[in-house]
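Please read the following account alongside the sequence and the structure, which are shown here before the description begins.

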Amino acid sequence: MNRIFKLTTWAAALMAVAFSVQSCDDDDDVYYYYGAWMPNAIVTVKPLDNGSCYMQLDDSTTLLPVNVPKAPYGDKEVRALVNFQPVATSSASYDKAVYINAMDSILTKQMAPNLGDEENDRVYGNDPVDIVHDWVTISEDGYLTLHFRAPWTLDAQPHFVNLISTDNPEDPYELEFRHNAYGDTAGHEEDGLVAFRLDSLPDTEGQTVKLTLKWRSDGGEESMQFDYCTRKNTVTATVMSAQPGMKLQ
């Protein structure tokens, strides 16, 4: 199941606590999870045709999870926080063999279509949100993974987060993060994680380009840049879709 995390002090100890965010897959049941494990990596869990899986640690390092014989998310490709340790065993055709001590998935979505200014505001919202600059806010393996922060009431209607292209004719790699709080803007600040698959962007043909992310915070329009290179072809997998207007929890 996909979860959005409430994150406490990252520098000292990372406590993963899920809270509800709107997504578009029936597997995304909303519930609250309280854990006390410390992730030491973010990975892409990639299913294989034989029902097993491997993990992509970064753009070039693959992991064989020796104690995960079955793909934990079925045929879905999912970003996840993990705590792992290397083990001294054969890694087959992968770079490293690892033992997974703990794992929890991140809400993983496709980019959403740009519907035009008025419809973007109506469907995706334009509520203030902050992007946290830390090790999980990263562009890698064909995903943009974001650690974000916004006012949140845990028993309120789930929030809706999306990534859209700005349709800038001079920069096809300019994107905008949208947050629809559905009026829930007076709660305590909470943190969340979401990962967006970037395969709808133009192929960089092996080159690394600058990907620009824009968003609206309480202080106004903000932006940051990432290095981005189109992911090389890997095993085909299903990624959760982000269809505008769907409000399944």
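This is a predicted model: local features need pLDDT of at least 70, side-chain atom pairs count only at pLDDT 80 or more; totals for chains, interfaces and linings use all residues.

Ile42 stands opposite Leu81 in strand 7, and strand 4, covering residues 41-47, is joined to strand 7 by five bridges, the two running antiparallel.

On to the next pairing: strand 7 (residues 78-86) and strand 8 (residues 96-105) also run antiparallel, and seven bridges join them. Within this pairing, Val82 stands opposite Met103, while Phe84 has Ile100 as its bridge partner. Because seven of its nine residues are buried, strand 7 is largely enclosed by the rest of the structure.

These pairings belong to a closed arrangement, for five strands form a barrel in the order 4-5-6-8-7, with mixed pairing. From one strand to the next, the twist averages 55°.

Turning to the packing of side chains, the largest nonpolar core comprises 24 residues, and Leu146, Phe177, Leu198 and Leu213 are those with the most contacts inside it. Two or more residues each come from strand 12 (143-152), strand 13 (159-165), strand 14 (174-180), strand 15 (188-197), strand 16 (209-217) and strand 17 (220-228), and strand 12 gives the most, with five residues. Leaving aside residues up to four places away in sequence, Leu213 touches Ile131, Leu144, Leu146, Leu163, Leu175, Glu176, Phe177, Glu222, Ser223, Met224 and Phe226. Apart from this core lies another, of 16 residues, among them Val43, Leu63, Val68 and Ala80.

Notes:
Residues are numbered from 1 along each chain as its sequence is written. Side-chain values use heavy atoms; hydrogens and water are left out. Two strands pair if DSSP finds at least two bridges between them. Helices (H or I, at least four residues) and strands (E, at least two) are DSSP runs, numbered from the N terminus. Axes are lines fitted to C-alpha atoms, for helices over the stretch in contact, and angles run from 0 to 180 degrees between N-to-C directions. Buried means under 20% relative accessible area, exposed over 50%, partly exposed in between (1.4 Å probe, protein chains only). A nonpolar core is a set of buried Ala, Val, Leu, Ile, Met, Phe, Trp, Tyr and Cys residues joined through side-chain atoms within 4.5 Å. Contact means heavy atoms within 4.5 Å.
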